[in-house]
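Please look through the structure below before reading on.

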Amino acid sequence: MGNGEFTKKILCIGAGYVGGPTMAVIAAKCPQYKITVVDINAARINAWNSDDLPIYEPGLYDVVKQARGRNLFFSTEIDPAIAEADIIFVSVNTPTKSFGEGAGYAADLQYWELTARNIVKVATSDKIIIEKSTLPVRTAEAMSRILNANEKGIKFEVLSNPEFLAEGTAIEDLNNPDRVLIGSQQTPAGIKARDEVVEIYANWVPKEKIVTSNVWSAELSKLVANAFLAQRISSINSISALCEKTEADVTEVSRTIGMDTRIGNRFLMSSVGFGGSCFKKDILNLVYICQSYGLTEVADYWESVVEMNEYQKRRFVRNMLSAMFNTVAGKRIALLGFAFKADTGDTRETPALDVAQQLLDEHAKVVISDPKALDNAKIDLKDYADRLEFVVDPYEAARGAHAIAVLTEWKEYKTLDYKKIFDSMERPSFIFDGRNILNHQELFKIGFNVFPLGQPSFKHY
Ligand code: NAD
Ligand code: UGA
């Protein structure tokens, strides 16, 4: 198909964890559309055009290979791509603001606004602009004002189409989403634009899973979905602390409450804490929005979800310290896993970073192992480079260690030869399972002192 034969020209600004996989899947499913993904980060774009993609995501490479060069293009040429596009997804980063009003809570919208202003500058025809990034409720209003303040007579319709994919399962989530949400103004122009976007997803998503709403509900639903998911983890993590005091077993509690179909069995895995680029950022953003409307009690309620998560990470290290006779100074400790969850190399907000920093503050000798995240780990911990080791092989990482802590639920950690590991470690040997993925009885039999989360520990002393 030549350039002129594509039925739609779709652009995505921002080639990150969302923009790249989302557009790759649309391109693979819809060869009739031309999809261009642009970014200001040339190294990222080069990587998208190579065999060594900038992010690790199961199945992503095959999808990219299928469409790249056919109807999927990665480029740093932003302005011409804006000029030719009918529909523009904006998927730039929206981190927590680190300065000024709302610092530490509000979303930093500078990247989004810069993008909007550039679109106005370059555009020569009407366009649909889609918020793919996660944004505070009512951002579309501000964006619409900025975009439509142009003097060229160009009309921009701003829609909200938040992304619900999770890292590690992005391709599966995009292929079979629970729902696709498209929020629009309820005006004729808004509804026409919405229908155009519905048409894109209808190429592979069943119609009943494509949900439409007003634009403010769409923006807010995204924040609330993440807040509810994180809340479940903080809830079960709070119970893990109580289990450790009472000899109840958090995995048994999770299983039992999860069998109640009203509660459901997912997102009830107690852990060292939730990480990832979005849960904390989006909840704090929700907190800020509530505060700005004077809803102090609502703000406090949601903020406690983040506070519980911070407590869980501190508590994990405190448990390690107390088990290891209140000192880890000079002791080698191997951290198995640094990614914020399995099947990703992403380390943004990973609980492993907090654990590593706390152990370093206690003067432990920390060794970090991870199958995919060591490059990011080295960047995250560059200030401590002289006090750390990074080792891919978990057996090497554990050699000579006093303790192992499992911090990411990588499948391979379940089936390591723990007898071999035990034989290479210092005595007494400790294992802290921050994800409850190991066979604790077996480890105890081998000789380890075993500390699961929210379950009774097994000690030889
Ligand atoms: P990311 O940091 O991986 O990617 C954002 C990209 O935007 C970067 O490559 C950056 O260089 C680029 N960018 C910034 N300003 C630009 C500009 N003016 N022009 C062109 N490119 C620009 O971020 P991400 O993880 O992909 O997240 C993007 C948005 O999606 C955020 O709002 C996030 O909350 C939301 N989100 C993320 C996930 C996830 O799993 N990571 C899931 C759902 C929603
Ligand atoms: C999350 C949401 O699941 C996505 O729907 C959303 O699109 C995305 O945030 C976003 O907006 O960025 P993600 O952070 O990629 O996705 O991964 P999750 O699977 O949600 O895991 C988040 C964290 O919670 C991880 O650290 C994970 O290990 C932890 N977790 C998850 C638990 O500790 N226990 C659980 O039961 C589930």
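In this predicted model, ligand 1 is surrounded by 26 residues, where a residue counts if one of its heavy atoms lies within 4 Å of the ligand. The closest are Asp39, Arg44, Thr94, Glu167 and Lys281. By type, this shell holds nine nonpolar, ten polar and seven charged residues. Here Ala, Val, Leu, Ile, Met, Phe, Trp, Tyr, Cys and Pro count as nonpolar, Asp, Glu, Lys and Arg as charged, and the others, Gly among them, as polar.

Which atoms of the protein make polar contacts with ligand 1 (pairs of N or O atoms within 3.5 Å)? One of them is a polar backbone atom of valine 18, 2.9 Å from an oxygen atom of the ligand. A backbone N or O atom of threonine 134 is also 2.9 Å from a ligand oxygen. Arginine 44 uses its side chain, with an N or O atom 2.7 Å from an oxygen atom of ligand 1. Taken alone, ligand 1 exposes 830 Å², and the protein buries 90% of that; such areas come from the Shrake-Rupley method with a 1.4 Å probe.

Ligand 2 can be described in the same terms. Its surroundings comprise 20 residues, and the closest are Phe164, Leu165, Ser271, Phe340 and Arg435. Helix α9 gives the most to this shell, with four residues. The shell divides into twelve nonpolar, three polar and five charged residues. A polar backbone atom of leucine 165 lies 2.7 Å from an oxygen atom of ligand 2.

Now turn to helix α6, residues 139-148; helices are DSSP runs of H or I with at least four residues, and strands are runs of E with at least two, numbered from the N terminus. Its buried residues (under 20% relative accessible area, 1.4 Å probe, protein chains only) are Thr139, Ala140, Met143, Ser144, Ile146 and Leu147. Seen down the axis of α6, they fall within an arc of 165°, so they line one face of the helix. The arc is taken from the directions from the helix axis to the C-beta atoms. An α-helix has 3.6 residues a turn, so residues three or four places apart point the same way. The cover over the buried residues of α6 includes α5 (110-122), β5 (127-131), β6 (156-160) and α9 (215-246), with contact meaning heavy atoms within 4.5 Å.

Residues are numbered from 1 along each chain as its sequence is written, and chains are lettered from A and ligands numbered from 1 in the order in which they are written. Local features need pLDDT of at least 70 and side-chain atom pairs count only at pLDDT 80 or more, while totals for chains, interfaces and linings use all residues; side-chain values use heavy atoms, leaving out hydrogens and water.

Definitions and conventions. Polar contact = N/O pair within 3.5 Å; in protein donor to acceptor, adjacent residues only side chain to side chain. Buried < 20%, exposed > 50% of the residue type's maximum accessible area, 1.4 Å probe, protein only.
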